[in-house]
Amino acid sequence: MVHVNYLAVLVAAIAVFVLGWLWYSPLLFYKPWMRARGMDPAVAMAGAKMPAGKLVIELVRCIVLAYVIARFVALLGISSWMGAVHFGVFLWIGFPVILLTGSILWENVPVKVAVIHAGDWLVKLLVIPIIVSVWQ
């Protein structure tokens with residue numbers, strides 16, 4: 001039986017939810033992300049509000065991601081922050097980096113858009129394993 005600390009999962013999910021919001025906010029990468037997508041950041045921001053339903057779905061996505069990673073951390077016996085960092089980097093290379101390079105190659109996603117998304121995923125895939133591995 002694999003033990004998962006559900007409080008750590010919830011805290012990790014909320015942490016990456018907030019960090020994701022910050023990542024795509026005007027404080028960090030909103031403007032370059034919008035420009036790379038061919039949009040004017042000022043026009044896109046005018047009167048824009050994030051629908052509550054999308055925020056709820058994003059939070060659920062973060063909870064599911066944190067739970068799945070917590071299960072892997074438990075199954076692999078990762079119990080140190082350095083082990084969590086190594087695991088997170090391998091997850092990042094093996095999944096988002098591979099998927100995003102495919103979208104650049106085959107779907108004409110702009111490199112800058114993919115790089116911004118990859119950075120967001122790197123943060124998620126480092127923060128979650130660190131939290132769930134050290135908080136046992």
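This is a predicted model: local features need pLDDT of at least 70, side-chain atom pairs count only at pLDDT 80 or more; totals for chains, interfaces and linings use all residues.
User: How do I read a nonpolar core, and which residues of the largest one touch the most other members?

Analyst: A nonpolar core is a set of buried Ala, Val, Leu, Ile, Met, Phe, Trp, Tyr and Cys residues joined through side-chain atoms within 4.5 Å. Buried is under 20% relative accessible area, exposed is over 50%, and partly exposed sits in between (1.4 Å probe, protein chains only). Here the largest core has 20 residues, and Ile69, Ile128 and Val132 touch the most other members. Two or more residues come from each of helix 1 (6–23), helix 4 (52–76), helix 5 (81–107) and helix 6 (111–134); helices are DSSP runs (H or I, at least four residues), numbered from the N terminus. Helix 4 gives the most, six residues. There's also a second, separate core of eight residues, including Trp23 and Val113.

User: What about aromatic pairs: how many are there?

Analyst: A pair of aromatic rings is described by the distance of the centres and the angle of the planes. Rings of Phe, Tyr and Trp (its six-membered ring) pair if their centres lie within 6.5 Å; planes under 30 degrees apart are stacked, over 60 edge-to-face, and the rest tilted. That rule gives three aromatic pairs. Take Trp23 and Phe29: their centres are 4.5 Å apart and the planes stand at 45 degrees, so this pair is tilted. Trp23 is buried, at 16% relative accessible area, while Phe29 is partly exposed at 28%.

User: And Ser133: buried or exposed?

Analyst: Ser133, in helix 6, is buried, because its relative accessibility is 2%. Not counting residues up to four places away in sequence, Ser133 touches Val73, Ile78, Ser79, Ser80, Trp81 and Ala84. Ser133 and Asn5 are 128 residues apart in sequence, with their C-alpha atoms 9.4 Å apart in space.

Note on methods
Residues are numbered from 1 along each chain as its sequence is written. Side-chain values use heavy atoms; hydrogens and water are left out. Contact means heavy atoms within 4.5 Å.
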